[in-house]
Amino acid sequence: MQKILFFLVAIFILFSCDKKRSKNIEKVKLKQLNFRFTEPATDTLYPMNKPFNVSAIIENSAAHIDSAILNFNSQKYICKDSIKFKLLINSISCGTKTLKIKCYMADGISTACSREITFKSDIAPQQMTYRIIARYNHDKQAYTQGLVYADNIFYESTGQWGLSSLRKVNPLTGEVLQIVRQDKEYFSEGIAVYNNKIVQLTYTNQIGFVYDKNSFSMIGKIYYKNREGWGLTYDGKHIIMSDGSHKLFYMNPETFSEEKVVEVFNNVGAEIRINEMEYINGFIYANIYTSDRIIKIEPNTGRVIAEINMSGLLKAKDKHPEIDVLNGIAWDSKTDRIFVTGKNWPKLFEVKFVKR
């Protein structure tokens, strides 16, 4: 009986050792494998809605490939006997996505690798210009950071350290009807109006203020980490925020928690320095900081579908030493009027965007 028991224990020990040895051999095999992408190429922009190839190779292995599984854009693709895929995904949006491949070989070994791929717009933006419909007075001391038209009133956020404010302005005369000034530690930025509230960003403090639209009394604060505050608009569901990059952050209007990010690209590359914004008839119009350009963005995809050259708005007689760049877009949704102005501009313009 003791001999039988000893024999069984010995078999168990040998089996355990053999199992550990097999696992160690498998780990060694995995370390020796060099599984890498050959397509898509790194540092290459791919047009969205166009076919593209995905392939990979396994070096240092003579094992036959059984299958490969590609996970991309919330979809799974399976390929037998090779690691080559041809994809056409019409629902893709602009920006950087991650490709993940897991490869299975006939000997039971598996390995995986991943790569990022960036998509740009597949169309060239339509080139547009403007026609001036009307001119209005604007406070040339107002360093305009945000502009909204609601209830026949302009709501305006102005910036600069020690000069930042939130204003209610008469559209016809430019008269400041009501004003709240921020402490000198704050540099105010974009604003959005929703549900009788005004949200106002600050540049580097990572804090925003919520005001009652009518009384201008502060009723709350919002916080955003690890980014600057630039532009702001409201699409009826989300407050959309820019931070000077090519990204738009869709925030919950009540909690200001981030719900999604849209990356903005034209057919050449990313559109950076996105600043003041306005949601107009289902599209986002945005100032590109330090330029005379306004771009028209498709919200779901991030494609720039048009760009408007706004140069030449101000006449020579309107310019003064403190004049700064174009910034400020507002929309009267009831009459479909669009207004633009700039930092320290003495004029505000009603314009119509037209094809060139």
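Start with the aromatic pairs: a search of the whole predicted structure finds 19, counting rings of Phe, Tyr and Trp (its six-membered ring) with centres within 6.5 Å. Select F52 and F72. Their ring centres are 6.0 Å apart and their planes stand at 80°, so the pair is edge-to-face (planes over 60 degrees apart; under 30 is stacked, the rest tilted). F52 lies in strand β3 (residues 52-59) and F72 in strand β4 (residues 65-72), so the pair ties together parts 20 residues apart in sequence; strands are DSSP runs of E, at least two residues, numbered from the N terminus. Both F52 and F72 are buried, meaning under 20% relative accessible area with a 1.4 Å probe, protein chains only.

This is a predicted model: local features need pLDDT of at least 70 and side-chain atom pairs pLDDT 80 or more, while totals for chains, interfaces and linings use all residues. Residues are numbered from 1 along each chain as its sequence is written, and side-chain values use heavy atoms, without hydrogens and water.

Next, select Y155. Y155 is buried, at 2% relative accessible area. F216 also counts as buried, at 4%.

Move to K260 and Y250. The charged end of K260 sits over the ring of Y250, 4.6 Å from its centre (NZ of Lys or CZ of Arg within 6 Å of the ring centre and within 35 degrees of the ring normal). At K296, the charged end sits over the ring of F283, 4.4 Å from its centre.

Conventions
Helix = DSSP H or I, 4+ residues; strand = E, 2+ residues; numbered from the N terminus. Buried < 20%, exposed > 50% of the residue type's maximum accessible area, 1.4 Å probe, protein only.
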